[in-house]
Amino acid sequence: MKTTRVLDLVGLAVFAAVAMWLLVRSFYGSLPPISVLAGASLYPIALGELVLGFVVRSRIGGSRVGDGPQQLHPITAARALALAKASALVGAGVTGVWIGFLLYVAPLAATVRAASDDVGGAIVGLVAGLALVGSALWLEQCCRTPKDGSGESR
């Protein structure tokens with residue numbers, strides 16, 4: 001499996017930002033207020049992937065991969081890698097959504113009270129999306145196998 005390309009993540013984020021900006025521009029008046037907790041749901045997932053990355057890294061680095069006790073099962077490592085790749089895409093999409101929202105709301109914040117109230121929640125969501133991307137890329141990096149003589153790293 002190939003590593004996640006940053007260009008793919010940036011492309012997804014740009015697409016999501018443009019789509020969200022268009023949607024918010026059309027429907028902002030009918031949206032409910034964005035609370036600070038709106039985007040905070042991704043923080044526990046990002047933290048969990050960060051911790052999982054350290055566990056996987058220590059087990060792979062200590063050559064404790066196998067199906068015995070205190071070993072990392074190869075299927076578990078593959079599932080962690082799949083989780084990391086999927087989370088990176090989700091995080092990039094969420095980051096783009098919050099960027100698109102902020103691109104519309106931030107200029108209005110000085111004159112529209114609802115927009116100024118929404119900026120805080122959007123920033124929390126944006127940082128949560130970035131945290132998820134970062135922790136997912138970290139977990140993916142931790143799932144790499146040590147280099148063998150053939151030059152193949154996965």
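Tutor: A crossing is left-handed if the near helix is turned anticlockwise from the far one by less than a right angle, and right-handed if clockwise. The model discussed here is predicted.

Student: Is the crossing in which α3 passes α4 left-handed or right-handed?
Tutor: The handedness is decided by the sense in which the near helix is turned from the far one. For α3 passing α4, the crossing is left-handed.

Student: Are α3 and α4 roughly parallel or roughly antiparallel?
Tutor: Helix α3 covers residues 74-108 and helix α4 covers residues 113-142. Their axes are 7 Å apart, and the helices pack at an angle of about 160 degrees. Angles over 145 degrees count as roughly antiparallel. Therefore the relation of α3 to α4 is roughly antiparallel.

Student: How many residues of the contact of α3 with α4 are nonpolar?
Tutor: The contact of α3 with α4 includes six polar and three charged residues. The nonpolar residues in this contact number 26.

Student: Which elements give two or more residues to the largest nonpolar core?
Tutor: The largest nonpolar core has eleven residues, among them V24, Y28, I34, W98, F101 and L102. Others in this core include V105, A115, V119, A122 and L126. The elements that contribute two or more residues to the core are α3 and α4.

Student: How many residues has the other core, which lies apart from the largest one?
Tutor: I60, L72, A77 and C143 are among the members of this other core. Its residues number nine.

Student: Are α2 and α4 roughly parallel or roughly antiparallel?
Tutor: The axes of α2 and α4 come within 8 Å and cross at roughly 15 degrees. The crossing of these two helices is left-handed. Angles under 35 degrees count as roughly parallel. The relation of α2 to α4 is therefore roughly parallel.

Student: How many residues of the contact of α2 with α4 are charged?
Tutor: Residues in α2 that meet α4 include E49, L50, F54 and R57, while those in α4 include V127, L132, S135 and W138. The contact of α2 with α4 has 18 nonpolar and three polar residues. Its charged residues number two.

Student: Is A114 exposed or partly exposed?
Tutor: A114 is found in helix α4. Its relative accessibility is 40%, and exposed requires over 50%. A114 therefore counts as partly exposed.

Student: What is phi of Q70, which is not a glycine?
Tutor: Q70 lies in the loop between α2 and α3, where it counts as exposed at 63% relative accessibility. Its phi is positive, at about 60 degrees.

Student: How far apart in space are P146 and S63, C-alpha to C-alpha?
Tutor: P146 is in the segment after α4, and S63 is in the loop between α2 and α3. P146 counts as exposed at 53% relative accessibility, and S63 is exposed with a relative accessible area of 64%. The two residues are 83 residues apart in sequence, and their C-alpha to C-alpha distance is 9.1 Å.

Definitions and conventions. Residues numbered from 1 in each chain as written. Predicted model: local features only at pLDDT ≥ 70, side-chain atom pairs only at ≥ 80, totals over all residues. Heavy atoms only, no water. Axes fitted to C-alpha atoms, helices over the stretch in contact; angles between N-to-C directions. Helix = DSSP H or I, 4+ residues; strand = E, 2+ residues; numbered from the N terminus. Parallel < 35°, antiparallel > 145°, perpendicular 65-115°, else oblique. Nonpolar A, V, L, I, M, F, W, Y, C, P; charged D, E, K, R; others polar. Core = buried A, V, L, I, M, F, W, Y, C linked by side-chain atoms within 4.5 Å. Buried < 20%, exposed > 50% of the residue type's maximum accessible area, 1.4 Å probe, protein only. Contact = heavy atoms within 4.5 Å.
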